[in-house]
Protein chains: 2
Amino acid sequence: MANKRTRLDVLRRLFENNSYDNQVDILNDLKNEGFMVAQPTLSRDMRQLKVSRIYNKDGKTVYVLPNEKKFNHVSHEKRRKEKVTQSFGFLSLSFSGNIAVVKTLHGYANSLAAEIDEFEVPEVLGSLAGDDTILLVLKEGASREAVRSLIRNIVPGYDEE
Amino acid sequence: MANKRTRLDVLRRLFENNSYDNQVDILNDLKNEGFMVAQPTLSRDMRQLKVSRIYNKDGKTVYVLPNEKKFNHVSHEKRRKEKVTQSFGFLSLSFSGNIAVVKTLHGYANSLAAEIDEFEVPEVLGSLAGDDTILLVLKEGASREAVRSLIRNIVPGYDEE
DNA sequence: GGTATTTTAGGATAAATATTCATGATTTTC
DNA sequence: GAAAATCATGAATATTTATCCTAAAATACC
C-alpha cells in the first residue's frame, strides 16, 4: 500500500481544490490518485486531518480543512509556550528525512542548539541555528526516537502529552 | 408548539454553552427547554443555523456555530495582501530533496524568511536564513508546488510567466 | 536475528444524520 | 373569508459516517 503520509497529503490537496459533500466522492477521487482505501479508512483520515463539515451560504454540505493558522498549529504552540517557559524556549520538534527541525521562541535557537550539541549524541551529526529555528542533521539511519529522547532530556515535560 | 424562531434561539444558546457531538443529546436538552421535536426537525434546524461539525484537538466531534472568528480567514488574507507590496529582495527558488533554497538580494534573507514563517504553512517544517539564502525544510511528502504557491503569495509576480 | 508493540486497514455493522412523503398549520392573495 | 401557496413537522426510510473486531504490516525492542 502506498503509505498513509502521502495519502493524507493527497487528501489535503483534494480538499483544497474541491468541494465534497460526502465521503464516497472523495473515495473515488482518491482512487483516481492511486489510493484504493475503504470508507472507514477515509473516515479516520478525515478525523486525523480535522476536516470539518460546514454548510455554505446555499445550505450545501461542504468538507473543509481547518485553517491551520487559526486552529491547531498556533494554539498548540501557544499552549506549549505557556507551559515551557524556562526550558530554553523550546516550542516543537519535527522531522523530514534526515533533518530534524526544532522551533524555539524568538532568539532562543542558539542557546538551545548549544545545549543540544553538548550532549554529543552520535545520532546528530551537526546543528545549525538561526533565530528561532534549529536544524539538526541526523546520521543516516538514526532513529528519530533518539532525537526525541535527547530533547526530552533537555526540555522537561516534552512529549508528555 | 412553541414557534420555530424561539427554538432556533434556544438552540443557538445551547451551542454556545455546550459541546455536543451528536444530535440526540441536543434533542434531550431541547426537550428540557420545552421543545419536543423529532430528529429530522433538529437536522433541518442545524442546517439552517449552519452549525458545523469540527474535530477538536483531541479528535472529538463537536458542533459549533459559525461566526466565532474561527472561519473568517478571508479578512486575514486581505490584510496580508495589503502589507506585502514589495518583493522582499526575492531572487529565486529551487529544490533539492526535501530542502528548498531561496536566494535573495544581499541582506534580505532574514526578512523574507520571517515573512515565510508567518504563513505557517504545514508543508514547511522550518526555515533558516543567512545573508542572501534561506533554507526551508519541507515536510516529507510535501509538494513543491505548495512552496511555489507560498512564494507566489509573498512575491507578487513570481512564477507568472 | 527474533519477539513485542504499535500502527494501519478492511469487512461487517452500528450509529448518526438526511431525505422523502404525507399532513396539518400558517401566511398570502384576491 | 376562502383558495392557493408556503412552511413546519414527524414517521419511516435512505443515506452517510463511525466503530467494532480482526488481521496484517510496520516499527520498536532486545
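A residue counts as buried if 20 or more other C-beta atoms lie within 10 Å of its own, as exposed if 12 or fewer do, and as partly exposed in between. Keep in mind throughout that this is a predicted model.

Select K50(B), which sits in the loop between α3 and β1 (52–55) of chain B. Is this residue buried, exposed or partly exposed? K50(B) has 14 C-beta neighbours inside 10 Å, and therefore it counts as partly exposed. Its phi is near 55°, a positive value in a residue other than glycine.

Now select K50(A), whose place is in the loop between α3 and β1 (52–55) of chain A. Because K50(A) has 16 C-beta neighbours inside 10 Å, it counts as partly exposed. The phi of K50(A) is near 55°, again a positive value in a residue that is not glycine.

**Second stop: chain A as a whole**

Of the 161 residues in chain A, 27% are buried. Among the contacts in this chain with a separation of 6 or more, 44% are made by residues 24 or more positions apart.

Bring chain B back and select DNA strand C, around which you will find 15 residues, the closest being T41(A), N22(B), Q23(B), P40(B) and S43(B). The elements that give two or more residues to this surface are α3 (39–49) of chain A, together with α2 (23–32) and α3 (39–49) of chain B. Which element gives the largest share of the surface near DNA strand C? That element is α3(B), from which 5 residues come. By residue type, the surface near DNA strand C divides into 8 nonpolar, 5 polar and 2 charged residues.

The most is given by α3(A), with 4 residues. The surface near DNA strand D is made of 7 nonpolar, 6 polar and 2 charged residues.

In soluble globular proteins, nonpolar side chains tend to be buried together. To look at such a group here, select L112(A), L136(A) and L136(B), the residues with the most contacts inside the largest nonpolar core, which has 44 residues. The largest share of this core, 5 residues, comes from strand β6 (residues 133–138) of chain B. Then centre the view on L136(A), which touches I99(A), A100(A), V102(A), I116(A), V124(A), S127(A) and V147(A), if residues up to four places away in sequence are left out.

**Last stop: a hairpin in chain B**

Finally, select strand β5 (residues 124–129) of chain B, which is mostly covered, with 6 of its 6 residues buried. A hairpin of 3 residues joins β5(B) to β6(B), and the two strands run antiparallel with 5 bridges between them. To see one bridge pair, select L128(B) together with L135(B), its bridge partner in β6(B).

Note on methods. Residues numbered from 1 in each chain as written. Chains lettered and ligands numbered in written order. Predicted model: local features only at pLDDT ≥ 70, side-chain atom pairs only at ≥ 80, totals over all residues. Near = placed C-beta within 6 Å. Nonpolar A, V, L, I, M, F, W, Y, C, P; charged D, E, K, R; others polar. Core = buried A, V, L, I, M, F, W, Y, C linked by C-beta atoms within 7 Å. Contact = placed C-beta atoms within 7 Å. Pairing = 2+ DSSP bridges.
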